[in-house]
Amino acid sequence: MSFLELNKVTKIYPNGTKAVHETSMNVENGEFMVFVGPSGCGKSTLLRMIAGLEDITEGNINLDGILINKVDPSERDIAMVFQNYALYPHMNVYNNLAYGLKNRGISKEDIEKKVNEAAKLLQISEYLQRKPSMLSGGQRQRVAMGRAIVRSPKIFLFDEPLSNLDAKLRIQMRLEIKKLQQKVGVTSIFVTHDQVEAMTLADRLAVINNGLIEQLGTPIEIYNNPKSMFVAGFIGSPQMNFLEGELKNKTLTSEGFEINNVTSDFNGPVILGIRPEHMSQTDKGLINLSVDLVEQLGSDNLIYGEIKNKKDFCFRCPGSQIIKKGSKLSLNINDNNYYVFDKSNGNRVN
Amino acid sequence: MIRYFSSNFSHLILLIGIFIMIIPVWLIFASSTHTASIINTQGLQFFLGDKFLENYTKVLLYEGGFFKEITALKMFLNSFLMATGVAFLSVISSLMTAYVLVYFRVKYATLLFWIIFITILVPLELRIFPTYSVMSTLNLVNSYWGLIIPISASAIATLFFRQFYKTIPDELLESAKLDGANTWRFFIDFLVPLSKTMIVAMFIFMFVFGYNQYLWPILVTSSEQYWTVVMGLKMMSGSIVNKFAFVIMSMIPPVLIIIVLQKYFIKGIFQDK
């Protein structure tokens, strides 16, 4: 039996909108699970149902062997970090951390000990007497996490907690969250629309689209083996290139080139997916790219160009290679690293 | 240069405004320190006289009414009790009403709120007969509760608290819920401290409103023991200087409450920002 079990969980809002479709999944004790998907895909709703902030229309949620469908959020022993932190503006940092403990009837000495431990862990000890309005974004973020940690809950829920921070701080806090989770070892669920955050934080990843889990697995599994066009396009940066084509008797024809011996019995219109980093330059390659734009990132170059009818085709090469705008490149796909999807439903067929 | 001129100019306008408001009050105050004969023969006085102590002690110990049951001091006590009662009750009831309207899953909460709100269009003067009959059925005529209760439901204060609660982000409630706060705790630990500033403002507003009541106290009290200051202004007999002294004294409590509470009021604004 898993630590957190979702069994055919469904959410239908009173106005008839179906936000989450019969979702089933298990989260193991100590695992860091990430829900990733575009905005409005239902990932936050799913998280809020686990927290008890949204009613469950159908299905069951079990936490630590107990059915929690009807358990009040305050009794689920769950801590949540919100996108805008939701710190208590009228309480100082100490009381922000202590509030949940006070409500649980813990003695003053114990509260003080726990708050100080959490504050030390998050390096906010010197701000304990300040009000949230006197803290910077990163500090507020830490206080929000401290409020979650201090109660030693069964599970941490993070609802896009990094999206209000600037780029540099976001990377730093991402690292800290991961380190902290490993140190504390509490089961965590993290919701984000940022695929880099998802890839770096997750032990396992659930890619959610339109209220359905499209794919569930470790980040690298999902990156290497996307099950659908949506997952393939969502995970990986820059995005995978998609080309229209036709698959017939294991031969794929697309945008002026052919791939033979495709490992698929599918026949019909398909979408070919190639990641920008899965190609390299050769003398007589498969794909002929005329370069429109070069983005130099230092370590890498992102080359955008045109192949036959497809615009903005992206190719990634090491930053040491100098490529000029207007030049023609000949590219090969490395190690048959391409993906073929059924055009009609986006499912992977190779 | 223009800036210097315009700031001076606006100060000038403000000063004129202040003088327009202050001069009548000052005239009454200055006149109240003279003898009645001076006022009767020479009119209002602009400069202070020497009868301050004499006139004011006489007023304070003045026994009014037909049965001489009431003193000015008692009137001040009555007015203070009434105004404080109205302020407390209306702040508490509007706080709670707004809480229910915003946070509870009340059907037609918006409609209910507007029904409460249109009671502004039905002031006490309009519903004076039914209100009196309710008070008399409850045996509250000639009592402090009778003075206080009918005017302690404030639609305006409810409006202010409701609008304020609506600006509080939902995450705060959700976060508090996860931290184990129940309905009552959320109200006491979050909404009350967060609306502290507004509570003080509404308290001042309702205190002055209660203090200034005239028609209702006249109707609901027949015993002279319950006379309030504002009633006393009308009922009081005596020489003109004593009346002037009483007018000046009647202004002190509301002004005092504003001065005392304004300190917290401003402090509240700066802390919560």
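Leu243(A) stands opposite Leu272(A), a residue of β14(A), in a model that is predicted. Helices (H or I, at least four residues) and strands (E, at least two) are taken here as DSSP runs and numbered from the N terminus, and two strands are said to pair if DSSP finds at least two bridges between them. Residues are numbered from 1 along each chain as its sequence is written, while chains are lettered from A and ligands numbered from 1 in the order in which they are written. In this predicted model local features need pLDDT of at least 70 and side-chain atom pairs count only at pLDDT 80 or more, whereas totals for chains, interfaces and linings use all residues, and side-chain values use heavy atoms, with hydrogens and water left out.

**Sheets of chain A**

One open sheet of chain A has five strands in the order β13-β12-β11-β14-β20, with antiparallel pairing. Its edge strands are β13 (257-259) and β20 (338-342) of chain A, each of which pairs on one side only. On average, neighbouring strands of this sheet are turned by 35 degrees against each other, with direction ignored; such angles are taken between axes, lines fitted to C-alpha atoms (for helices over the stretch in contact), and run from 0 to 180 degrees between N-to-C directions.

Another open sheet of chain A has four strands in the order β2-β1-β4-β5, again with antiparallel pairing. Because β2 and β5 of chain A stand at the edges with a single partner strand each, one side of each is left without a neighbour in the sheet. The table lists pairings from chain A.

| Strand | Partner strand | Sense | Bridges |
|---|---|---|---|
| β11(A), residues 241-248 | β14(A), residues 268-274 | antiparallel | seven bridges |
| β1(A) | β2(A), residues 18-27 | antiparallel | six bridges |
| β4(A) | β5(A) | antiparallel | two bridges |

β1(A) and β2(A) form a hairpin with five residues between them, and Gly16(A) in the turn has a positive phi of about 95 degrees. Within this pairing Val9(A) has Thr23(A) in β2(A) as its bridge partner. Leu63(A), in turn, has its bridge partner Ile66(A) in β5(A). Asp64(A) is placed in the loop between β4 and β5 (66-67) of chain A, and its phi is near 55 degrees, a positive value in a residue other than glycine.

Helix α1(A) lies across β1, β2 and β4 of chain A and runs at about 120 degrees to β1(A). Glu54(A) forms a salt bridge (a side-chain nitrogen of Lys or Arg within 4 Å of a carboxyl oxygen of Asp or Glu) with Lys11(A), and the closest N and O atoms of this pair are 3.6 Å apart. This pair links distant parts of the chain, with Glu54(A) in the loop between α1 (43-51) and β4 (58-63) of chain A and Lys11(A) in strand β1 (residues 4-12) of chain A, 43 residues apart. Over all chains the count comes to 13 salt bridges.

A cis peptide bond, with omega of about -5 degrees, joins Ser237(A) and Pro238(A); Pro238(A) lies in the loop between α8 (229-234) and β11 of chain A.

**Helix packing in chain B**

Two packed helices are described by the angle between their axes and the distance between the axes. The axes of α5 (residues 109-117) and α8 (residues 155-167) of chain B come within 9 Å and cross at roughly 145 degrees. In contact, meaning heavy atoms within 4.5 Å, Thr110(B), Phe113(B), Ile116(B) and Phe117(B) of α5(B) meet Ala155(B), Thr158(B), Leu159(B) and Arg162(B) of α8(B). The residues of this contact divide into five nonpolar, two polar and one charged, where Ala, Val, Leu, Ile, Met, Phe, Trp, Tyr, Cys and Pro count as nonpolar, Asp, Glu, Lys and Arg as charged, and the others, Gly among them, as polar.

**Interface of chains A and B**

The contact between the chains takes 24 residues from chain A and 18 residues from chain B. Chain B and chain A bury about 1,800 Å² between them, 55% of it on carbon and sulfur atoms; buried area is the accessible area (1.4 Å probe) that two parts lose on being put together, summed over both. Glu174(B), Leu178(B) and Asp179(B) supply 38% of the area that chain B buries against chain A, more than any other three residues.

Across this interface two salt bridges are found, one of them between Arg151(A) and Asp179(B), whose closest N and O atoms are 2.8 Å apart. On the side of chain B that touches chain A, α9 (170-178) and α10 (183-194) of chain B each supply at least two residues, and the largest share, seven residues, comes from α9(B). The residues of that side divide into eight nonpolar, two polar and eight charged.
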